[in-house]
Amino acid sequence: MYSERPFVLSVAGFDPCGGAGILADVKTFEQHQVQGLAVMTANTLQTENHVFSVDWIGIEDVLKSIKTLLDFYPIKAVKIGIVPNSQYLKRIVDVLKMSNSKPIIVWDTVLKSSSGKTFFNEDDIQNVMEILPLLDLITPNFLEFEYLKSMKILNENQKMPCNVLLKGGHRKDAEGLDILFTENEIFDIKPKTEKVFQKHGSGCVLSSAIVANLALGNTIKQACIEAKNYMENYLNSSPNLLGHHAEF
């Protein structure tokens, strides 16, 4: 039976190999049966192994695109990917907050690519502190989490400024263990598969899967659990760095 799909939006970079960024996000949205929209923050030249260049889209063009989509579609949830600095991020968040649909906002805190290319201006990182309370969830990997801790932005021993999903893919002590910090609890999301294959853009896929599940009405906790299940299947879809999206 036909049912209306909720609208979701990815505001992120374009990756021509399709493993990360808005292409990966829209593939993930489609598999979750949500209606995916996208606005590009950067045009990158990259493969699954290397980032060659990043050309940032002017913030005014980005905001114009977001406002147009917000005017036409009742967007339920938004994933934000790579951005160059805190001011760029803040202006995106402000536009989303002012919209009538008041979408859920998830920021995938991609500060660097896995190949070492810096995206976010680290000299500007302290200004993120005033933006985090405006967000519903951020999804740092272990290295990003440790960096944000070192900059006194996050502290697992204190109340977090927003919901935080600490991804466990880069952990040495408990590889694959994700930890969700919410206002009321700290919840471990354990892997169901002992061995997985690394993938280019896996963080993009996870965050967009979370956004899709939130748009479908799941809680933050349930959305993170469902997204991890999707992610593990995606990681094992091929032994290569580029994965396949399918209904598992």
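This is a predicted model: local features need pLDDT of at least 70, side-chain atom pairs count only at pLDDT 80 or more; totals for chains, interfaces and linings use all residues.

At the N-terminal end of α4 I found N141 as the cap, with a side-chain oxygen 3.1 Å from the backbone nitrogen of L143.

I then asked which residues of α4 (residues 142-150) are buried, and the list came out as E144, F145 and L148. Seen down the axis of α4, these buried residues fall within an arc of 100°, so they line one face of the helix. What covers them includes β7 (163-166) and β8 (178-181).

Next I looked up the salt bridges, of which the count comes to 10. K159 and E183 meet through their side chains at 4.0 Å, N to O, with K159 in the loop between α4 and β7 and E183 in the loop between β8 and β9 (186-189); both K159 and E183 are exposed.

I also noted the salt bridge of D178 and K228, at 3.2 Å, N to O. D178 lies in strand β8 and K228 in helix α6 (residues 220-235), so the pair ties together parts that are 50 residues apart in sequence. D178 counts as buried at 5% relative accessibility, and K228 counts as buried at 8%.

Last, I turned to the largest nonpolar core, which has 42 residues, and I listed I92 among those with the most contacts inside it. Leaving aside residues up to four places away in sequence, I92 touches V11, I59, V62, L63, I66, I80 and V83. A second, separate core of 26 residues includes A24, V34, A209 and Y234.

Conventions:
Residues are numbered from 1 along each chain as its sequence is written. Side-chain values use heavy atoms; hydrogens and water are left out. A nonpolar core is a set of buried Ala, Val, Leu, Ile, Met, Phe, Trp, Tyr and Cys residues joined through side-chain atoms within 4.5 Å. Buried means under 20% relative accessible area, exposed over 50%, partly exposed in between (1.4 Å probe, protein chains only). Contact means heavy atoms within 4.5 Å. Helices (H or I, at least four residues) and strands (E, at least two) are DSSP runs, numbered from the N terminus. The arc is that of the directions from the helix axis to the C-beta atoms. A polar contact is a pair of N or O atoms within 3.5 Å; within protein, one must be able to donate a hydrogen and the other to accept it, and residues adjacent in sequence count only if both atoms are side-chain atoms.
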